[in-house]
Amino acid sequence: MTIQQLINDRVVAALAAAGAPDAPAVVQPASKPEFGDYQANGVMGAAKALKMNPRALAEQVIAKLDLAGIADKVEIAGPGFINIHLDPTFLATRVEAALAADALGIAKVAPQKVMVEYSSVNLAKEMHIGHLRGGIIGDALVRVNSFIGHDVVRQNHVGDWGTQFGMLVAHMVESRAAGEADLELKDLDVFYKHSKKRFDDDPAFADLARDYVVRLQSGDAEVLELWHQFVALSLTHCNAIYQKLGLLLNDGDVRGESAYNDDLPVLVEELRQQGLLTEDQGAQVVFLEEFKNKEGEPAAFIVQKQGGGYLYATTDLGAIRFRVNKLGLDRCLYVVDSRQSLHFQQLFTTARKAGWLPQSADFQHIGHGTIMGPDGKPLKTRSGENIKLVELLDEAIERAFQLVSSKNAELPEAERRQIAEAVGIGALKYADLSKSRNTDYIFDWDSMLSFEGNTAPYLQYAYTRVQSVFRKAEDFDLAAKVVIAEPAEKQLAVALAQFEDVVYAVADSSQPHHLCSYLYNVATLFSRFYEACPILKSEGAVRASRLQLAAATAKTLQTGLGLLGIAVLETM
Ligand code: ARG
């Protein structure tokens with residue numbers, strides 16, 4: 001059980017014993033050291049409900065509160081907060097247990113089947129900077145949820161259908177005939193532009209493209225085969241990026257929009273039978289009172305175009321039915337740009353009304369903001385185009401290589417290249433994950449690659465420093481007793497013991513930045529401890545205990561960064 005849960009249960013019991021049964025304890029890690037290590041805020045709410053003076057209730061709660069062996073000091077602060085100071089012996093035992101266990105002994109949940117849907121690129125074009133955040137955040141959520149014991153399904157809901165695929169397939173056939181396909185398909189954006197130009201300039205080509213769309217949609221085997229080839233090719237571009245970025249996504253996680261084709265007419269018919277459809281200018285629309293457009297009228301959720309075509313929304317309804325009926329998900333996290341928020345609200349509401357999404361299933365849009373340039377507008381190239389993700393990743397690695405070379409010129413180049421990959425990709429990921437996902441942020445190479453502050457290089461470097469202590473230590477006992485005596489030891493131990501709470505908080509909120517702030521705090525407290533408490537120069541049990549704190553720090557940094565998809569290094 002996490003410390004937070006442990007204390008929470010005890011405070012709830014004390015509240016009940018003091019005459020406030022079922023009152024929530026609201027226990028959280030304290031925001032400042034003077035508030036203790038954990039703080040319970042539940043007394044105020046309970047006192048209000050009982051029409052009691054909060055301080056008087058707090059006194060009764062403290063009198064009943066049994067934290068023997070957990071806390072060595074409990075005090076009332078302000079209007080009725082309870083500040084809880086953990087007992088050093090309790091902390092020492094927690095650190096020892098974490099070191100002795102696999103994966104720091106993090107408690108496992110009752111497993112749920114959780115899908116994380118992320119990346120979900122449109123396959124007609126090359127991946128660009130707009131795909132970075134969702135990829136990174138989704139991957140961290142996959143890792144965190146799996147780590148605490150959930151059964152996690154990754155899903156890449158790629159855009160692999162729609163009229164432009166007729167045009168792309170036609171162009172593929174043509175450029176192949178001219179022997180240029182391999183060259184052309186190296187860059188999907190160029191390929192797309194060329195096909196679009198052909199489409200606009202040459203009526204015969206446009207007819208061919210339209211013919212392909214019709215044949216594709218009617219399931220013509222020959223065109224389907226060509227379309228498959230294009231999709232596979234486009235996915236190899238994606239896979240190269242996933243690999244470079246260290247995402248867990250692979251071909252097995254792909255289930256694109258096209259997978260739901262056959263269900264679309266069926267589900268639209270069901271919506272009609274349920275009386276949820278309205279015809280609006282020839283289109284089939286679900287109007288929901290809950291959502292208003294700019295004019296203040298119910299916003300339209302279009303599921304079938306005039307002329308019969310289906311849309312993004314229809315496919316997403318098909319995906320929900322599949323995820324609920326076939327996969328039996330308990331929870332589904334859609335990691336997608338926040339600008340699609342209305343779409344997802346309409347989607348979930350429609351699916352609930354249609355009875356396809358049971359109340360018990362927790363489907364959420366995990367929105368994220370945009371990466372901005374210094375001018376406060378979405379970051380683009382100088383000529384106003386989307387920045388290609390391959391180029392951005394290569395630049396991150398190259399910049400990290402310059403940085404590592406300037407610090408450590410004597411390392412062999414091959415080693416510097418390896419370090420640069422972990423540092424460059426780590427910096428890019430961490431810069432993103434350390435900010436609240438809901439807001440936009442301004443992209444800045446210098447700050448993300450800095451060795452100071454809340455950055456990946458700082459944390460990776462902190463890890464190498466701890467490791468260097470072990471290289472110098474020569475002998476140490478991995479089962480030595482931990483003894484917490486100095487304030488700097490206690491502060492570090494408290495932070496280490498809170499790892500489990502933080503991981504659970506990230507899983508609940510889908511907000512990885514809590515883990516980043518936490519790891520930054522651990523690294524900072526380790527520095528303070530390292531300065532205040534000599535490790536290698538001390539002796540006997542004290543030395544052994546401090547080495548254990550160092551070992552727990554290294555393990556926590558490594559595990560925590562691992563949950564963010566960031567590698568640690570032995571030297572850098
Ligand atoms: N392919 C879409 C786009 O690029 C994103 C898909 C998000 N996922 C979903 N289930 N709608 O905008």
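Trainee: Where is Leu333 found, and what makes that stretch a strand?

Mentor: Leu333 is in strand β10, residues 331-337. Strands here are DSSP runs of E with at least two residues, helices are runs of H or I with at least four, and both are numbered from the N terminus. This is a predicted model, in which local features need pLDDT of at least 70 and side-chain atom pairs count only at pLDDT 80 or more, while totals for chains, interfaces and linings use all residues. Residues are numbered from 1 along each chain as its sequence is written, and side-chain values use heavy atoms, with hydrogens and water left out.

Trainee: Why is Leu333 called buried?

Mentor: Its relative accessible area is 0%. Buried means under 20%, exposed over 50% and partly exposed in between, with a 1.4 Å probe and protein chains only. Leu333 is under the 20% limit, so it counts as buried.

Trainee: Which residues does Leu333 contact, and what makes a pair a contact?

Mentor: Contact means heavy atoms within 4.5 Å. With neighbours within four places in sequence left aside, the partners of Leu333 include Val114, Met115, Val116, Glu117, Leu141, Asn145 and Ser510. As for Ile387, the C-alpha atom of Leu333 is 27 Å from that of Ile387, at a sequence separation of 54 residues.

Trainee: Which residues are around the ligand, and what makes a residue count as near?

Mentor: A residue is near a molecule if one of its heavy atoms lies within 4 Å of it. The residues around the ligand are Glu117, Ser120, Asn122, His157, Tyr312, Asp316, Tyr334, Val336, Gln340 and Phe344.

Trainee: Where is Ser545, and is it buried or exposed?

Mentor: Ser545 is in helix α21, residues 540-563. A relative accessible area of 1% makes Ser545 buried. A polar atom of its side chain lies 2.9 Å from the backbone nitrogen of Val483. Not counting residues up to four places away in sequence, Ser545 touches Lys481, Val482 and Val483.

Trainee: Lys51 and Leu104 next. What is phi of each?

Mentor: Phi is near 55 degrees for Lys51, a positive value in a residue other than glycine. For Leu104 phi is near 60 degrees, again positive in a residue other than glycine. Lys51 lies in the loop between α2 (42-50) and α3 (54-64), and Leu104 in the loop between α4 (88-100) and β5 (113-117).

Trainee: Which is buried and which is exposed?

Mentor: Lys51 has 78% relative accessibility, so it counts as exposed. Leu104 has 9%, so it counts as buried.

Trainee: How is the protein chain divided, and how do you know the bounds?

Mentor: The bounds come from an automatic or database domain assignment. They give domain 1 (3-86) and domain 2 (389-563). Their centres, taken over C-alpha atoms, are 33 Å apart. Nine residues of domain 1 are in contact with seven of domain 2.

Trainee: How many residues does the protein chain have, and what share is buried?

Mentor: The protein chain has 572 residues, and 52% of them are buried. The chain has 21 helices and 13 strands.

Terms used: Polar contact = N/O pair within 3.5 Å; in protein donor to acceptor, adjacent residues only side chain to side chain.
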